[in-house]
Amino acid sequence: MCNGEQYSLKAVAANEAPVAIAFIDEAKAFLRSMGVDQWQNGYPNADTVKADIAKGNGYFLMADERPLAYMCIDFGGEMAYDGLDGHWLIDTRAYGVLHRLAMGKRSRGKGAATIAIQLAEELMKCRRMESFRIDTDENNEVMKHLLTKNGFTYCGKIWFDNSVKIAYEKVL
């Protein structure tokens with residue numbers, strides 16, 4: 001990342017959905033190139049992103065005025081997490097979830113994903129969440145490394161989108 005850039009989260013407006021969808025498509029191609037089957041069956045799609053935006057959960061990671069990534073930050077819980085095969089670090093309903101972190105190809109590998117996670121964490125703290133939860137596919141080594149690097153703890157497995165996901169948590 002360039003020195004001097006200011007990073008922030010920006011709620012995605014409905015008319016910006018095509019930009020968010022383009023980030024999802026770039027991330028799908030990246031995962032496919034890495035041999036990861038996550039997001040290769042049609043999910044997430046344009047309807048998923050539009051629903052995120054309509055609920056007020058769709059965000060861009062911004063560098064100054066330029067979007068670098070798309071993500072969904074949800075404060076309404078995740079039903080799949082109720083069936084965790086394992087143990088959450090704390091027993092709480094006050095948790096935020098980061099879904100669909102999709103980095104643009106120009107910012108990948110430059111620390112932007114860590115910045116996105118840190119800003120999502122700050123937003124969760126502002127909303128008085130006690131915990132930050134996230135999941136990924138078992139073979140998504142890039143995301144698993146990113147989560148470990150950012151202080152998340154492996155908590156177990158969940159079933160979502162017709163496959164097993166690895167669930168992580170960070171106590172806030």
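Strand S2 (residues 58-63) pairs with strand S3 in the antiparallel sense, over 6 bridges. Here, helices (H or I, at least four residues) and strands (E, at least two) are DSSP runs numbered from the N terminus, and two strands count as paired if DSSP finds at least two bridges between them. The structure is a predicted model, in which local features need pLDDT of at least 70 and side-chain atom pairs count only at pLDDT 80 or more, while totals for chains, interfaces and linings use all residues. Residues are numbered from 1 along each chain as its sequence is written, and side-chain values use heavy atoms, with hydrogens and water left out.

Strand S3 itself (residues 66-74) is mostly covered, with 7 of its 9 residues buried. Buried means under 20% relative accessible area, exposed means over 50%, and partly exposed lies in between (1.4 Å probe, protein chains only).

A disulfide is a covalent bond between the sulfur atoms of two cysteines, and the criterion used here is a pair of cysteine sulfur atoms within 2.5 Å. A search of the whole structure finds 0 disulfides. For Cys 72, which is in no disulfide, the nearest cysteine sulfur is that of Cys 126, 18 Å away. Cys 155 is in no disulfide either, and its nearest cysteine sulfur, that of Cys 72, is 20 Å away. Cys 72 counts as buried because its relative accessibility is 1%; Cys 155, at 6%, counts as buried too.

Helix H4 (residues 141-149) comes next, and its buried residues include Met 143, Lys 144, Leu 146 and Leu 147. These four lie on the same side of H4, because they cover an arc of only 160° around the axis, the arc being that of the directions from the helix axis to the C-beta atoms. On the face turned away from this buried side, H4 carries the exposed residues His 145, Thr 148 and Lys 149. The cover over the buried residues of H4 includes S5, helix H3 (112-126), strand S6 (131-137) and strand S8 (163-171), where contact means heavy atoms within 4.5 Å. Just after H4, Gly 151 takes a positive phi of about 85°.

Some backbone details remain. Most residues other than glycine have a negative phi, and most peptide bonds are trans. With a relative accessible area of 9%, Trp 39 is buried. A positive phi, near 55°, is likewise found at Arg 100, which belongs to strand S5. Arg 100 is buried as well, with a relative accessible area of 11%.
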